[in-house]
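Hi,

Here is the structure I said I'd pass along.

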Amino acid sequence: MKNIVIFEKIKDQLYSASFDPDGEDELDRAFSFWRNREQLRAFFDTHQVDLKHFAFSKKARHAALEVMIDSKNISRQLIEMSKEWRIADLFKPLDNREDSFYDFQKVKMKGTQYKSMLRLYAVHLSDYFVVSGSAIKLTNKMDRPHLRAELHKLELVSHYLRSDGRHTNFVYMDI
Amino acid sequence: MKRKKTEKPEVLKNAVPSYGWMTRWDYRDENQGWLRKSGSIAFAVLDALDDQKMTKSQLARKLKVSRQRMNTIVKGHENLTLETIHKLEVALGIKLGEVMNEWDKPLDKKAASSKRRVRGAKGK
């Protein structure tokens, strides 16, 4: 069973979960991946069909460049909005049918580019946000394995926060 | 407009402080010019390796550099010299001059338009 550790990434506002005590937290992991050219190219090569449906004729290399630009904008926004305690403006409910925040709600942040592929996923709690993961999303539904894994991580973090950080008999997926 | 800070939930009071990512990005901001160009070259090199079915190790041997150095080059983190750029061009039979300018798009315009989008958001 893995332990969740919560890191404070922007003082008093933005937090990030880590599922690996010796590894990176999910916010660091997101930006490391989104700025790693080799890994991005490999991702888009693996998801060629989805990329083609998402953005016809876009090559893996150009998609990777877009990710890197968008990633930079996301980081800028997080830092700028934190200065006015407005991180909440960057997130929306994960469920598009919801239109307001509530505690332990699953939320998402999209990238800044038009039709951005980038997502940060988090759990909302009293105007604080705990990042549980991230993804490059090329499909409408969250049915791809890497997106289903993000749903599971959201569930893990939501459960952890609900239980005040106490671990229960919740079964952890080997992420 | 600045919002009012809310009471931090108990479960977050024991969070581990970790602000290092912002410092790393300060470095990237200060060096973004050459880092972008290095990144574009990295992409071009990876594309060429794919096209020519060559491995990084084979290219490293051609350039007489270590595998570790080659990894740094393809990650786009290397402050490449003109000599190294020329050697890459010769080894791979590609031109890297145009590639270095592909980042010279209006990144600030994109960031500015995204700022306008966010300020219009209603917390949804």
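**What turned up**

The largest nonpolar core has 36 residues, and those with the most contacts inside it are Leu14(A), Trp34(A), Phe44(A), Leu78(A), Phe91(A), Leu120(A) and Ile136(A). Keep in mind that this is a predicted model. Several elements of chain A give two or more residues to this core, including α1 (26–34), α2 (37–46), β5 (118–125) and β6 (128–136). The largest share comes from α4(A), with 9 residues. Apart from this core lies another one of 23 residues, and Tyr128(A), Leu161(A), Val11(B) and Ala15(B) are among them. As background, nonpolar side chains in soluble globular proteins tend to be buried together.

Now the charges. A search of the whole structure gives 20 salt bridges over all chains. One of them pairs Glu8(A) with Lys8(B), at 3.7 Å from N to O. That pair crosses between chains: Glu8(A) sits in strand β1 (residues 5–10) of chain A, and Lys8(B) in the segment before β1 (16–17) of chain B. Both Glu8(A) and Lys8(B) are buried. Lys8(B) also meets Asp12(A) in a salt bridge, at 3.1 Å from N to O. Asp12(A) belongs to the loop between β1 and β2 (14–18) of chain A, so this pair crosses between chains too. Asp12(A) counts as buried because its relative accessibility is 14%, and the cut-off for buried is under 20%.

Another salt bridge joins Asp47(B) and Arg41(A), with the closest N and O atoms 2.7 Å apart. It runs between chains as well, from helix α2 of chain B to helix α2 of chain A. Arg41(A) is buried, with a relative accessible area of 9%. Within chain A, a network of salt bridges links Glu26(A), Arg29(A), Glu150(A) and Lys153(A).

In chain B, have a look at helices α3 (residues 56–63) and α5 (residues 82–92): their axes come within 10 Å and cross at roughly 120°. The crossing is right-handed. On the α3(B) side the contact is made by Leu59(B), Lys62(B) and Leu63(B), and on the α5(B) side by Lys87(B), Leu88(B), Ala91(B) and Leu92(B). By class, that contact has 5 nonpolar, no polar and 2 charged residues.

Last, some backbone angles. Ser126(A) is not a glycine, yet has a positive phi of about 50°. Ser126(A) lies in the loop between β5 and β6 of chain A, and is partly exposed at 27% relative accessible area. Lys53(B), not a glycine either, has a positive phi of about 50°. Its loop runs between α2 (32–51) and α3 of chain B, and Lys53(B) counts as exposed at 72% relative accessibility.

Cheers

Definitions and conventions:
Residues numbered from 1 in each chain as written. Chains lettered and ligands numbered in written order. Predicted model: local features only at pLDDT ≥ 70, side-chain atom pairs only at ≥ 80, totals over all residues. Heavy atoms only, no water. Core = buried A, V, L, I, M, F, W, Y, C linked by side-chain atoms within 4.5 Å. Buried < 20%, exposed > 50% of the residue type's maximum accessible area, 1.4 Å probe, protein only. Helix = DSSP H or I, 4+ residues; strand = E, 2+ residues; numbered from the N terminus. Axes fitted to C-alpha atoms, helices over the stretch in contact; angles between N-to-C directions. Left-handed = near helix turned anticlockwise from the far one by under 90°. Contact = heavy atoms within 4.5 Å. Nonpolar A, V, L, I, M, F, W, Y, C, P; charged D, E, K, R; others polar. Salt bridge = Lys/Arg side-chain N within 4 Å of Asp/Glu carboxyl O.
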